Amino acid sequence: MRIILSDSTAEAIQTVALLVIETMESHPSAVIGLATGRTMEPVYAEMVRLKNEKSLNLEKNFFFMLDEYFGLPENHPSSFKHYIEKHFIGPMQIGQSQISVPPVHAKDGAYHYEESIKESGGVDLQLLGIGRNGHVGFNEPGSEKNSRTRLVRLTDETIAANKEQFVDDKIPTEALSMGIGTIMDSKSLLMLATGKSKADTIKYLLNHHDDPSCPATYLKHHPHFTLVLDPEAASKINLKI
(Lines give C-alpha, C1' and ligand atoms only; values in the text may rest on other atoms or scores of the structure.)
Protein backbone atom coordinates (compact mmCIF):
# COMPACT_ATOMS: atom_id res chain seq x y z
CA MET A 1 0.00 0.00 0.00
CA ARG A 2 1.34 3.39 -1.01
CA ILE A 3 0.17 6.50 0.84
CA ILE A 4 0.60 9.99 -0.63
CA LEU A 5 0.13 12.83 1.85
CA SER A 6 -0.61 16.11 0.09
CA ASP A 7 0.01 19.64 1.35
CA SER A 8 -3.47 20.76 0.31
CA THR A 9 -6.75 19.49 -1.09
CA ALA A 10 -5.89 21.03 -4.44
CA GLU A 11 -2.59 19.15 -4.52
CA ALA A 12 -4.32 15.86 -3.67
CA ILE A 13 -6.79 16.39 -6.51
CA GLN A 14 -4.00 17.28 -8.94
CA THR A 15 -2.03 14.19 -7.92
CA VAL A 16 -4.91 11.82 -8.57
CA ALA A 17 -5.85 13.46 -11.86
CA LEU A 18 -2.26 13.33 -13.08
CA LEU A 19 -1.87 9.65 -12.14
CA VAL A 20 -4.95 8.74 -14.18
CA ILE A 21 -3.93 10.90 -17.13
CA GLU A 22 -0.42 9.45 -17.09
CA THR A 23 -1.87 5.94 -17.17
CA MET A 24 -3.92 6.76 -20.25
CA GLU A 25 -1.02 8.63 -21.85
CA SER A 26 1.45 5.76 -21.40
CA HIS A 27 -1.12 3.06 -22.22
CA PRO A 28 -3.41 4.44 -24.97
CA SER A 29 -5.75 1.44 -24.72
CA ALA A 30 -5.90 1.39 -20.91
CA VAL A 31 -9.19 0.41 -19.27
CA ILE A 32 -10.13 2.83 -16.49
CA GLY A 33 -12.69 2.30 -13.72
CA LEU A 34 -14.58 5.49 -12.84
CA ALA A 35 -16.05 6.53 -9.50
CA THR A 36 -18.62 9.23 -8.77
CA GLY A 37 -19.48 11.57 -5.92
CA ARG A 38 -18.50 15.06 -4.79
CA THR A 39 -14.88 14.03 -4.17
CA MET A 40 -14.42 13.14 -7.84
CA GLU A 41 -15.89 16.28 -9.43
CA PRO A 42 -12.72 18.41 -9.12
CA VAL A 43 -10.62 15.39 -10.14
CA TYR A 44 -12.51 15.12 -13.42
CA ALA A 45 -12.27 18.89 -13.95
CA GLU A 46 -8.49 18.68 -13.53
CA MET A 47 -8.32 15.69 -15.87
CA VAL A 48 -10.15 17.71 -18.52
CA ARG A 49 -7.62 20.51 -18.13
CA LEU A 50 -4.67 18.11 -18.39
CA LYS A 51 -6.18 16.29 -21.35
CA ASN A 52 -6.58 19.57 -23.24
CA GLU A 53 -3.15 20.82 -22.19
CA LYS A 54 -1.51 17.62 -23.47
CA SER A 55 -3.83 17.31 -26.50
CA LEU A 56 -4.39 13.65 -25.66
CA ASN A 57 -6.20 11.29 -27.98
CA LEU A 58 -8.32 8.97 -25.85
CA GLU A 59 -10.14 7.16 -28.65
CA LYS A 60 -8.72 3.77 -27.67
CA ASN A 61 -9.38 4.00 -23.94
CA PHE A 62 -12.37 2.26 -22.39
CA PHE A 63 -14.15 3.06 -19.14
CA PHE A 64 -16.27 1.11 -16.64
CA MET A 65 -18.50 2.74 -14.04
CA LEU A 66 -18.12 1.47 -10.49
CA ASP A 67 -21.83 1.49 -9.63
CA GLU A 68 -25.29 2.80 -10.46
CA TYR A 69 -28.53 3.34 -8.55
CA PHE A 70 -31.24 0.72 -9.02
CA GLY A 71 -34.78 1.82 -9.71
CA LEU A 72 -34.16 5.18 -11.39
CA PRO A 73 -35.34 5.93 -14.93
CA GLU A 74 -32.46 5.54 -17.38
CA ASN A 75 -31.87 9.29 -17.88
CA HIS A 76 -32.69 10.46 -14.36
CA PRO A 77 -30.69 13.63 -13.50
CA SER A 78 -29.48 12.06 -10.24
CA SER A 79 -28.25 8.84 -11.85
CA PHE A 80 -24.53 8.18 -11.98
CA LYS A 81 -24.86 7.82 -15.75
CA HIS A 82 -26.01 11.43 -15.91
CA TYR A 83 -23.26 12.46 -13.48
CA ILE A 84 -20.46 10.87 -15.52
CA GLU A 85 -21.79 12.29 -18.77
CA LYS A 86 -21.84 15.78 -17.23
CA HIS A 87 -18.48 15.71 -15.46
CA PHE A 88 -16.41 13.33 -17.60
CA ILE A 89 -17.77 11.94 -20.86
CA GLY A 90 -18.83 15.28 -22.36
CA PRO A 91 -15.90 17.44 -21.20
CA MET A 92 -13.33 14.73 -22.02
CA GLN A 93 -14.94 14.14 -25.44
CA ILE A 94 -15.30 10.41 -24.83
CA GLY A 95 -17.51 8.45 -27.21
CA GLN A 96 -20.59 6.72 -25.81
CA SER A 97 -19.21 3.44 -27.17
CA GLN A 98 -16.18 3.81 -24.89
CA ILE A 99 -18.01 3.51 -21.58
CA SER A 100 -20.01 0.80 -19.85
CA VAL A 101 -22.47 1.54 -17.04
CA PRO A 102 -23.84 -1.17 -14.71
CA PRO A 103 -26.93 -2.40 -16.59
CA VAL A 104 -29.52 -1.88 -13.86
CA HIS A 105 -32.40 -2.24 -16.34
CA ALA A 106 -31.21 -5.51 -17.88
CA LYS A 107 -32.03 -9.04 -16.80
CA ASP A 108 -28.97 -10.67 -15.22
CA GLY A 109 -27.24 -7.29 -15.41
CA ALA A 110 -24.66 -8.12 -12.73
CA TYR A 111 -23.52 -11.26 -14.55
CA HIS A 112 -23.27 -9.48 -17.88
CA TYR A 113 -21.30 -6.60 -16.34
CA GLU A 114 -18.75 -9.02 -14.89
CA GLU A 115 -18.44 -10.69 -18.29
CA SER A 116 -17.95 -7.33 -20.01
CA ILE A 117 -15.09 -6.46 -17.66
CA LYS A 118 -13.43 -9.82 -18.30
CA GLU A 119 -13.84 -9.49 -22.07
CA SER A 120 -12.15 -6.08 -21.98
CA GLY A 121 -9.04 -7.65 -20.46
CA GLY A 122 -9.80 -6.26 -17.02
CA VAL A 123 -9.55 -2.80 -15.46
CA ASP A 124 -6.04 -1.36 -15.54
CA LEU A 125 -6.68 1.45 -13.05
CA GLN A 126 -9.71 1.71 -10.76
CA LEU A 127 -10.44 5.15 -9.33
CA LEU A 128 -12.07 5.07 -5.89
CA GLY A 129 -13.49 7.24 -3.16
CA ILE A 130 -14.41 6.06 0.33
CA GLY A 131 -17.63 6.53 2.29
CA ARG A 132 -17.68 7.65 5.90
CA ASN A 133 -18.73 4.13 6.89
CA GLY A 134 -15.85 2.64 4.91
CA HIS A 135 -17.87 1.62 1.88
CA VAL A 136 -16.15 1.39 -1.50
CA GLY A 137 -18.42 1.69 -4.49
CA PHE A 138 -21.65 0.58 -2.85
CA ASN A 139 -20.01 -2.27 -0.95
CA GLU A 140 -21.57 -1.41 2.38
CA PRO A 141 -20.37 -2.70 5.79
CA GLY A 142 -20.85 -6.46 5.90
CA SER A 143 -19.74 -6.96 2.28
CA GLU A 144 -17.57 -10.00 1.68
CA LYS A 145 -14.00 -9.88 0.43
CA ASN A 146 -14.74 -12.06 -2.60
CA SER A 147 -18.04 -10.38 -3.55
CA ARG A 148 -18.74 -9.74 -7.22
CA THR A 149 -20.96 -7.26 -9.06
CA ARG A 150 -24.41 -7.52 -7.50
CA LEU A 151 -27.50 -5.70 -6.30
CA VAL A 152 -26.85 -4.22 -2.85
CA ARG A 153 -29.10 -2.55 -0.29
CA LEU A 154 -27.85 0.86 0.83
CA THR A 155 -27.47 1.70 4.51
CA ASP A 156 -29.46 4.52 6.07
CA GLU A 157 -26.18 6.44 6.49
CA THR A 158 -25.37 6.21 2.79
CA ILE A 159 -28.91 7.21 1.79
CA ALA A 160 -28.74 10.24 4.09
CA ALA A 161 -25.30 11.23 2.77
CA ASN A 162 -26.57 11.13 -0.83
CA LYS A 163 -29.91 12.80 -0.16
CA GLU A 164 -28.80 16.22 -1.37
CA GLN A 165 -28.16 14.75 -4.84
CA PHE A 166 -31.89 14.23 -5.32
CA VAL A 167 -34.42 16.94 -6.10
CA ASP A 168 -37.27 14.88 -4.67
CA ASP A 169 -37.70 12.36 -1.87
CA LYS A 170 -37.57 9.34 -4.17
CA ILE A 171 -34.09 8.24 -3.14
CA PRO A 172 -33.07 4.74 -4.25
CA THR A 173 -32.44 2.19 -1.53
CA GLU A 174 -30.53 -0.23 -3.80
CA ALA A 175 -27.72 -0.09 -6.33
CA LEU A 176 -25.82 -2.33 -8.71
CA SER A 177 -22.16 -2.23 -7.70
CA MET A 178 -18.89 -3.89 -8.58
CA GLY A 179 -18.03 -6.20 -5.69
CA ILE A 180 -14.88 -6.09 -3.57
CA GLY A 181 -13.56 -9.09 -5.48
CA THR A 182 -14.30 -7.35 -8.78
CA ILE A 183 -12.45 -4.24 -7.64
CA MET A 184 -9.52 -6.30 -6.38
CA ASP A 185 -9.14 -7.84 -9.85
CA SER A 186 -8.09 -4.43 -11.18
CA LYS A 187 -4.38 -4.14 -11.92
CA SER A 188 -4.07 -1.04 -9.74
CA LEU A 189 -6.30 0.91 -7.34
CA LEU A 190 -6.23 4.66 -6.75
CA MET A 191 -8.25 6.07 -3.84
CA LEU A 192 -8.74 9.73 -2.94
CA ALA A 193 -9.98 10.91 0.45
CA THR A 194 -10.43 14.57 1.33
CA GLY A 195 -11.96 16.55 4.17
CA LYS A 196 -12.45 16.23 7.93
CA SER A 197 -15.45 13.96 7.49
CA LYS A 198 -13.11 11.20 6.23
CA ALA A 199 -10.46 11.52 8.98
CA ASP A 200 -11.92 8.86 11.32
CA THR A 201 -12.53 6.51 8.39
CA ILE A 202 -8.94 6.83 7.17
CA LYS A 203 -7.61 6.26 10.68
CA TYR A 204 -9.71 3.11 10.95
CA LEU A 205 -8.67 1.93 7.49
CA LEU A 206 -4.98 2.20 8.31
CA ASN A 207 -5.29 0.46 11.68
CA HIS A 208 -7.48 -2.51 10.73
CA HIS A 209 -7.31 -5.38 8.28
CA ASP A 210 -9.99 -7.51 6.62
CA ASP A 211 -12.72 -5.90 8.69
CA PRO A 212 -16.21 -6.41 7.20
CA SER A 213 -17.44 -3.34 9.10
CA CYS A 214 -15.09 -1.26 6.93
CA PRO A 215 -14.94 -2.89 3.47
CA ALA A 216 -12.10 -0.59 2.36
CA THR A 217 -9.76 -2.54 4.66
CA TYR A 218 -9.89 -5.45 2.20
CA LEU A 219 -8.13 -3.33 -0.40
CA LYS A 220 -4.92 -3.22 1.62
CA HIS A 221 -4.09 -6.69 0.27
CA HIS A 222 -3.88 -5.33 -3.27
CA PRO A 223 -0.24 -5.15 -4.46
CA HIS A 224 -0.81 -1.82 -6.23
CA PHE A 225 -3.09 0.21 -3.98
CA THR A 226 -2.37 3.96 -3.75
CA LEU A 227 -4.17 6.16 -1.21
CA VAL A 228 -3.99 9.93 -1.70
CA LEU A 229 -4.95 12.13 1.27
CA ASP A 230 -5.35 15.84 1.86
CA PRO A 231 -4.31 17.29 5.25
CA GLU A 232 -7.79 17.08 6.77
CA ALA A 233 -8.39 13.47 5.79
CA ALA A 234 -4.93 12.61 7.18
CA SER A 235 -5.36 14.66 10.38
CA LYS A 236 -5.85 11.66 12.70
CA ILE A 237 -3.01 9.46 11.49
CA ASN A 238 0.63 9.53 12.56
CA LEU A 239 2.38 9.75 9.21
CA LYS A 240 4.65 12.45 7.85
CA ILE A 241 5.36 13.54 4.31
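Residues are numbered from 1 along each chain as its sequence is written, and side-chain values use heavy atoms, with hydrogens and water left out. In this predicted model, local features need pLDDT of at least 70 and side-chain atom pairs count only at pLDDT 80 or more, whereas totals for chains, interfaces and linings use all residues.

The account begins with the seven-stranded sheet. Seven strands form an open sheet with parallel pairing, in the order S1-S10-S9-S6-S2-S3-S5. Its edge strands are S1 (2-5) and S5, each of which pairs on one side only. Strands here are DSSP runs of E with at least two residues, helices are DSSP runs of H or I with at least four, and both are numbered from the N terminus. Two strands count as paired if DSSP finds at least two bridges between them.

Several of these pairings can be followed residue by residue. S9 (residues 188-193) and S10 (residues 225-229) run parallel and are joined by five bridges, in which leucine 190 has threonine 226 of S10 as its bridge partner. S6 pairs with S9 in the parallel sense over four bridges, and leucine 128 stands opposite methionine 191 in S9. S2 (residues 31-34) pairs with S6 in the parallel sense over two bridges; here isoleucine 32 stands opposite leucine 125 in S6. Four bridges, again in the parallel sense, pair S2 with S3, and glycine 33 stands opposite phenylalanine 64 in S3.

Two of these strands also show how their residues are placed on either side. In a regular strand the side chains alternate between the two faces of the sheet. In S6 (residues 125-128), Leu125 and Leu127 point one way, Gln126 and Leu128 point the other way, and all are buried. Buried denotes a relative accessible area under 20%, exposed one over 50%, and partly exposed a value in between, computed with a 1.4 Å probe on protein chains only. S2 is covered on both faces: Val31 and Gly33 on one side, and Ile32 and Leu34 on the other, are all buried.

H1 lies across S1, S2, S3, S6, S9 and S10, and runs at about 160° to S9. H3 (residues 80-92) touches S2, S3 and S5, and its direction makes about 145° with that of S3. Such angles run from 0 to 180 degrees between N-to-C directions, with axes fitted as lines to C-alpha atoms, for helices over the stretch in contact.

Two packed helices are described by the angle between their axes and the distance between the axes. For H1 (residues 9-26) and H2 (residues 41-54), the angle is about 50° and the axes are 9 Å apart. H1 is therefore oblique to H2, given that angles under 35 degrees count as roughly parallel, over 145 as roughly antiparallel, 65 to 115 as roughly perpendicular and the rest as oblique. Residues that meet across this pair include Ile13, Val16 and Leu18 in H1, and Val43, Met47 and Leu50 in H2.

Beyond H2, serine 55 is in the loop between H2 and S3 (62-65). Serine 55 has a positive phi of about 50° although it is not a glycine, and it is exposed, with a relative accessible area of 62%. Aspartate 108 likewise has a positive phi, of about 55°, without being a glycine; aspartate 108 is found in the loop between S5 (99-100) and H4 (109-119).

A second open sheet has three strands in the order S4-S8-S7, with antiparallel pairing. S4 (67-70) and S7 (150-153) are the edge strands, each pairing on one side only. Neighbouring strands of this sheet are turned by 30° against each other on average, direction ignored. Four bridges join S7 to S8 (residues 174-177), and these two strands run antiparallel; valine 152 has alanine 175 in S8 as its bridge partner.

The last stop is threonine 182, in helix H6 (residues 180-184). Threonine 182 is buried, with a relative accessible area of 5%. Its side chain makes a polar contact with the side chain of glutamate 114 at 2.5 Å, where a polar contact is a pair of N or O atoms within 3.5 Å; within protein, one atom must be able to donate a hydrogen and the other to accept it, and residues adjacent in sequence count only if both atoms are side-chain atoms. A polar atom of the threonine 182 side chain also lies 3.3 Å from the backbone nitrogen of threonine 149. Leaving aside neighbours within four places in sequence, threonine 182 is in contact (heavy atoms within 4.5 Å) with Glu114, Ile117, Ser147, Arg148 and Thr149.
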